[in-house]
Amino acid sequence: MKDQKEEKSWQETGRWEGHEERFDPQAGVWGSSHISYLTFKSLIQLRRSMNTGVTIFDLGERTLASVAEKIVNEMVNKKEIRPGDREGVLKSLLQNRSQSDDPENQALTDGVDLQKFSVKERTDESDHVEASMVLVGALDFLERPTVTFVRLKEAAVLESALETPMPVRFVFVMVGPTKADMNYHETGRAMAALLADKVFNQAAFQAKSARELTDAVADFMDCSIVIPPTEIQNEAMLTPIISFQKKLLKDRLQSSSAPPCQESSPRRVSDSAAPPPEDPLSRTGRPFGGMIRDMKKRYEHYKSDITDALNAQVLAAVIFIYFAALSPAITFGGLLADKVDNMMGVPELLISTSIQGIIFCFIAAQPILVIGFSGPLLVFEEAFFAFCQTQGIEYIVGRVWVGLWLVIIVVVIVAFEGSFLVRFISRFTQEIFSILISLIFIYETFAKLARIFQAHPLIMNYDHVNSTLENPWLPTVVEELVYDNATGNTTVVVNTIKPPYPNTALLSMCLMLGCFFIAFFLRQFKNGTFLPGKIRRLIGDFGVPISIFLMIVVDYSINDTYTQKLVVPKGLMVSNPAKRGWLINPFGEHETFPVWLMFASCVPALLVFILIFLESQITTLIISKPERKMVKGSGFHFDLLILVAMGGCSAIFGVPWLSAATVRSVTHANALTVMSKGPKPVIEKVMEQRISGIVVALLVGVSILMEPILKLIPMSALFGIFLYMGVTSLNGIQLWDRILLLFIPKKYHPDEPYATRVSTARMHFFTIIQIVCLVILWIVKSSPASLALPFILILTIPLRMLMTGRVFTRLEMKCLDSDDAKVTFEEEPGQDVYYETQMPL
């Protein structure tokens, strides 16, 4: 501003919410967030100005006008400005920001006189946010630059001060003439970066004199790094700065960790006298104490579990999670039918998922969990069926007695609060388990494809197919007469021959790979830059249903090639009505079930319980992580009882038992999460309610009536989804990353604690131990003793304990096997949180 009569408006050219964002005056948009970089001169000028400037602490004013008037009066009293300049400065401070509704549409130029910077800071772990406001600009009627730093006694929403109204705690003003040797823009950025620094912000909050404030500026400068004016040829040259900065931050945090003065008021808004949150895995010492605690904690919120569902976000989550739950149910149902000779299949799995899901969501302590069939249970069913076949036992009847023992086992475990054992399941065991299931998925996919190539090999000449028939793919029935010379009897032997069909193997391979690649790339497309974000995420979230639908269209359009379809009975029929019904006779369907086997069934029941316990409890750990900010409690004890008891009782109806599906549950929680707005959104809350789970389970049950549509799905497309599950489950598993590092030169290793704080040879040794365990589990899985797989898996827990302190130091184990989302050390700040393991689907 050239004179006091000229009118200008403050225009926001920078903002901080963790990191800096700049406003591009040419494009009229905000840039992406980045680490602030400051000039050394701007810090020197800022420190020099604050030594002589005006400082006001604990100002009780609540409006922008009264704050500005107080600032100007103090400037006059300290002789920072002339009395005749008072009205001009006051008028400038009270200029409203540009009247444009959208600040991104403001026509800015590089020569803006009055600039504003905003800094947002979350004052504690709660949702309370405070802002700081930095005003800098050139007022040519002033004689020299002057600064004022104001700390309000109580954070107040200053009208028209910020684009988004929020409480302001600090106000910094720097004004002066253009001719002064002062870069107002860079100095304002420097002050905003200071206020965005948590250590300086806390020091400014507790400062009692201007000297303490300038000392905090000096401390900030002591920990800042100056890069000499030399050309930086590539980003790799800046790498050593990171480790040097970490050392500076470590020293700074240690020096600032001294206890504050007793008389200083605490910054935290939350009630410091409140008791710490109760650990849901702690033992009460009373029978069923943990279960009762889960019920008391959750049921007091039962009314809000209904009312909180009246939200559009919950409706969107229902639609998304329905497809996320239906696709695996159909996929696993088809694969399960193939594994157990159609004794159970899609209808049984859909009905089990629906009924058990509805019951679970009505009474569970953590209804956000999505229950369903999973890879580990599929492996068990295959092994148990093979065992029953070799021993001549009725598989479907054996499951009834396994279910009975399941109920007994879970009641005993919950009574003694056995869920605390989940503490001993470290990443070492979780990742071996995850990799094993992922490899099983991938192996089974190609094994299925190989069997199709065996049944329909590529040969030069095929038998003629009668295309005039309604179904030209009917098998050929051949009758053969066998004459017995001894008795003179003639026996008619009827053989059903399924001839190899042309192009069946090739089309099946194309459908499998097509379904896999479409689902896989739509998942990557979700995080790309093409199309608007909402549309991109919508397409990515529905990648699996889209890929299945496209493969149905491709298969349906090719009429002259046979492919095996998903077998789905009409209505509520069981998969194999010739061998079973909806109610299983526990004493034998077609032959008497041995009495000794009724008691021996406790062994496979224990194996099933271990699988359900592992997956369900680890899933509950992930969902209940502190950063999700769930407030209605968890259900480590009660939910385990419900899940296993329902599965045990459902065995008498011949339907699969279920567990908490990790990936589906995490997806459900993410879909119900409310994020804050801004460049760095954080979790505000999760819509904790029961209705979405109930509606999804109900829709899955109704899907049993979709038989005309389901029978169009080619099995090879489901194999592609199986492959997709196996490949995507490898993402985020540290063991898989370390396996790849065996073939990557050291200079390309990631900047992670397991690669930087542990020697490469020791890291590879730890990886090889896990690989050996994985190979042993695979051998057991592939042998007649496959039922013992959960027992062998449990042995990895004491193995990990034996290695700690003997084979590997505790520091090495902390880097290689930390349960935290980010490895923390005693000398570094951080809080322990549960690691979000990428468990099998």
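Tutor: The answer below begins with the basis of the values and then turns to the network.

This is a predicted model, in which local features need pLDDT of at least 70 and side-chain atom pairs count only at pLDDT 80 or more, whereas totals for chains, interfaces and linings use all residues. Residues are numbered from 1 along each chain as its sequence is written, and side-chain values use heavy atoms, with hydrogens and water left out.

A salt bridge is a side-chain nitrogen of Lys or Arg within 4 Å of a carboxyl oxygen of Asp or Glu. The search of the whole structure finds 30 salt bridges. The network links Arg 298, Asp 305, Asp 308, Lys 632, Glu 688 and Arg 690.

Within this group, Arg 690 pairs with Asp 305, their closest N and O atoms being 3.0 Å apart. Arg 690 belongs to the loop between β14 (683-686) and α22 (691-702), while Asp 305 belongs to helix α9 (residues 302-307), 385 residues apart. Helices (H or I, at least four residues) and strands (E, at least two) are DSSP runs, numbered from the N terminus. Both Arg 690 and Asp 305 are buried; buried means under 20% relative accessible area, exposed over 50%, and partly exposed in between (1.4 Å probe, protein chains only).

Lys 632 and Asp 308 also form a salt bridge, at 3.0 Å from N to O. Lys 632 lies in the loop between α19 (602-623) and α20 (638-650), and Asp 308 in the loop between α9 and α10 (312-339), so this pair ties together parts that are 324 residues apart in sequence. Lys 632 is buried, at 6% relative accessible area, whereas Asp 308 is partly exposed, at 29%.
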